[in-house]
Amino acid sequence: MQPLVVANWKMNTGISDASVLATMVRNQLHEFNGVDVVLCPPFIWLQEVASILEISDPRIKLGAQNCYPEKDGPFTGEISVSMLQELCSYIIVGHSERREHFGENNEFINEKVHACLRYNLTPILCVGEKQKSENSQKKILKDLIECLEGVTKDELAKIVVAYEPVWSISTATQGDIASGEYANEVCELIKKEVGKETPVLYGGSVTSLTVDNYISQKSIDGVLIGGSSLNANNFVGICKKARGE
Ligand code: PGA
């Protein structure tokens, strides 16, 4: 399986930062082989980034950071999967920041997974424990199973799972970071549940200096990058390492 590197820009970038970042990534990854790349800018810049990527290598895809599972209707401020279908190939669902700040639960995330599949978009389903404990793995599996309720075996191959231990997110300079071995152990468990066709990513404070620790692991098929995706050189460095440079 070709490694997958996903950039989650979160609620960052103005219009000019977004254009410059997307252009720099595009130019540096032009005709780049051996790794699939997905950029997930804020909703409001999707169109702009789409127009920048259009002429580039089709291996750089566009993703959204969120979606609403209904098709259309009175949901002020929300963006549906059918709207995103025009622009995106991937949608991040169940990110821990949405669970924490917007009260999203497994049932709602499950609706989003089904909505993505209905419109042929690949959900990048995030799971991960808040704190490291003896029960972490049980909790992760429970979340995974609930978020995937009703998903068929065939559909599992159209999903990406990202394991993101919450305690390891955005802590590159101050906190605890999951080791490659630790992340691999959980990703292996996830793979046993979802099957080997489903790519399993690791996310949490990955940089160009640490990406090797994860990408070299047997059960990790790629990485989900937050902070380090906001600097084109760092992000391109991660993509290059992911393909073994
Ligand atoms: P980080 O974010 O790389 O800044 O830790 C990862 C994520 O939250 O997806």
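This is a predicted model: local features need pLDDT of at least 70, side-chain atom pairs count only at pLDDT 80 or more; totals for chains, interfaces and linings use all residues.
Strand β5 spans residues 122-127 and is mostly covered, with six of its six residues buried. In a regular strand, side chains alternate between the two faces of the sheet. In β5, one side carries T122, I124 and C126, and the other carries P123, L125 and V127. These residues are all buried, and both faces of the strand are covered.

β5 is paired with two strands. Strand β4 (residues 90-93) runs parallel to β5 and is joined to β5 by four bridges. Strand β6 (residues 160-163) also runs parallel to β5, again with four bridges. I124 itself is one of the buried residues of β5.

## The ligand site

The shell around the ligand consists of N8, K10, H95, E164, I169, S170, G204, S205, L224, I225, G226 and G227. By class, three of these residues are nonpolar, seven are polar and two are charged.

- K10: an N or O atom of the side chain is 2.7 Å from a ligand oxygen.
- E164: a polar side-chain atom lies 2.8 Å from a ligand oxygen.
- S205: a backbone N or O atom lies 2.7 Å from a ligand oxygen.

Taken alone, the ligand exposes 280 Å², and the protein buries 96% of that area.

## Aromatic pairs

How many aromatic pairs does the model contain? The count comes to five. One of them is Y202 with Y214, a stacked pair with 4.2 Å from centre to centre and 15° between the planes. Y202 belongs to strand β7 (residues 200-203) and Y214 to helix α9 (residues 211-215), so the pair ties together parts that are twelve residues apart in sequence.

Are Y202 and Y214 buried or exposed? The cut-off for buried is under 20% relative accessible area. Y202 has 0% relative accessibility and therefore counts as buried. Y214, at 3%, counts as buried too.

Elsewhere in the list of aromatic residues, Y68, F75 and F108 form one aromatic cluster.

Terms used. Residues are numbered from 1 along each chain as its sequence is written. Side-chain values use heavy atoms; hydrogens and water are left out. Buried means under 20% relative accessible area, exposed over 50%, partly exposed in between (1.4 Å probe, protein chains only). Two strands pair if DSSP finds at least two bridges between them. A residue is near a molecule or strand if one of its heavy atoms lies within 4 Å of it. A polar contact is a pair of N or O atoms within 3.5 Å; within protein, one must be able to donate a hydrogen and the other to accept it, and residues adjacent in sequence count only if both atoms are side-chain atoms. Accessible areas come from the Shrake-Rupley method with a 1.4 Å probe; for residues, only the protein chains shown count as cover. Ala, Val, Leu, Ile, Met, Phe, Trp, Tyr, Cys and Pro count as nonpolar, Asp, Glu, Lys and Arg as charged, and the others, Gly among them, as polar. Rings of Phe, Tyr and Trp (its six-membered ring) pair if their centres lie within 6.5 Å; planes under 30 degrees apart count as stacked, over 60 as edge-to-face and the rest as tilted.
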